[in-house]
Amino acid sequence: MSAEIKNLSDLPNYEYGLKKIFSEAEDFLPLLGTDYVELYVGNAKQSAHFYKTAFGFQSEAYAGLETGMKDRVSYVLKQDKIRLVLTTPLNEGGLINEHINLHGDGVKVVALWVEDATKAFEETVRRGAKPYMEPTKETDEHGEVIRSGIYTYGETVHIFVERKNYHGIFLPGYKAWNSHYNPAPVGLKFIDHMVGNVGWNEMNTWVEFYAKVMGFAQIVSFDDKDISTEYTALMSKVMSNGNGRIKFPINEPAEGKKKSQIEEYLDFYKGPGVQHIAVATDNIIETVSAMRQRGVEFLYVPETYYDDLLERVGAIDEDVETLKQHGVLIDRDDEGYLLQLFTKPVVDRPTLFFEIIQRKGAQSFGKGNFKALFEAIEREQENRGTL
Ligand code: FE2
């Protein structure tokens, strides 16, 4: 199924997260959810400290010299359903070092939780996916995990994780990470969507990849008329899997007066990669104020954004002054509204950032905020001298 659907509500049988975009029988790649997101970073120990302190992630698992891992360390952090893995090599050379050297700290693996990792590999490779990892069984005293993997855009990969016969903390080779330093969570619940930036004229190639190779359907598209400011422009299409649990918007740069923020990303990441990870909360005000207190920097939205807010989005439960105070953005669609806010890049290069999102019915992605948001990003680009 790859026909374009403009609105989720156009789908006769669509109900977010429960009913299916298309029936299970048609879905050759049933996905249970995001399993983990692995970043290759220059210093996993210090990154882990940052994600605990600033983002409220909890110490979950560890692999390294002490667990028999000779060539790398990995820290696993958890907050509700979100699992981050931070990996750094222990020696010179090798693929992980090359990845860090080329891209800086960034997302290498978007792992997807499946019933059958062997079938997921066979079905996707048969449809044209480039293999990354043949189905591999890992075992320890807690059972077995089967993982397989395929490449997506750039050097990013999807790993399929089958863990129905495993009862350990994370994966074989990991031990529980018991730390005396455990800052409280900030209310991050699950990954709502993850966005990929791809090169000029490559958006449709990757939209087709997700449709044909992974059986996703396109649910939304924006073109440069929707998403442009005086200077920057981009195009975006959103791909969703059958049960709506996995959503991957794909962006490509578009021609503007000055450099698109997507182009800036591509220049610094040296190619396509994950641009942002959107995480859901039930209370964006509490989450954002906790994160800000702990040192997370968010994009600044001009106060004028709030002047005509209620005319634009209609009645909302929240107090506009409070939203303004926290710089939270609001957008409405046919089904409800959403509140969102974007961090500044969380790494040294202007590449990866996070989005905090609270949905109140709306299943869209905040198109109405793009202009205000991009103007905010442009001010940041101006500061970096990369506009
Ligand atoms: Fe987003």
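1. In this note, Lys and Arg count as positive and Asp and Glu as negative, while His and the chain ends are not counted. On that basis the protein carries 43 positive and 59 negative side chains. The centres of the two sets lie 2 Å apart. The structure under discussion is a predicted model.

2. As to overall architecture, the secondary structure of the protein consists of nine helices and 17 strands. The C-alpha trace spans about 60 × 45 × 40 Å along its principal axes. A compact globule of 387 residues would have a radius of gyration near 21 Å, and the 20 Å of the protein therefore agrees with that expectation.

3. Packing and surface may be taken together. Of the 387 residues, 57% count as buried. Among contacts in the protein with a separation of 6 or more, 68% are made by residues 24 or more positions apart. The accessible surface amounts to about 16,500 Å², and carbon and sulfur atoms account for 48% of that area.

4. Which residues coordinate the iron ion? The donors are His193 through NE2, His276 through NE2 and Glu355 through OE, at 2.0 to 2.2 Å. The spacing of these donor residues in sequence is H-x82-H-x78-E. Two of them, His276 and Glu355, link distant parts of the chain, being 79 residues apart. His276 belongs to strand 14, which covers residues 273-281, and Glu355 belongs to strand 17, which covers residues 353-360. Are these two residues buried or exposed? Both His276 and Glu355 are buried.

5. Although Asp80 is not a glycine, its phi is positive, at about 50°. The residue is located in the loop between strand 3 (72-79) and strand 4 (82-89). With a relative accessible area of 41%, Asp80 is partly exposed, because that class lies between the limits of 20% for buried and 50% for exposed.

6. Where does Lys270 lie? Lys270 is in the loop between helix 5 (261-269) and strand 14, and strand 14 is also the strand that holds the iron ligand His276. The relative accessibility of Lys270 is 52%, so the residue counts as exposed, the cut-off for that class being over 50%.

Note on methods: Residues numbered from 1 in each chain as written. Predicted model: local features only at pLDDT ≥ 70, side-chain atom pairs only at ≥ 80, totals over all residues. Heavy atoms only, no water. Helix = DSSP H or I, 4+ residues; strand = E, 2+ residues; numbered from the N terminus. Rg over C-alpha atoms; globule rule 2.2 N^0.38 Å. Buried < 20%, exposed > 50% of the residue type's maximum accessible area, 1.4 Å probe, protein only. Contact = heavy atoms within 4.5 Å. Areas by Shrake-Rupley, 256 points an atom, 1.4 Å probe, with all protein chains shown as cover. Charge placed at Lys NZ, Arg CZ, Asp CG, Glu CD. Donors = N, O, S within 2.8 Å, 3.2 Å for Na, K, Ca; no water.
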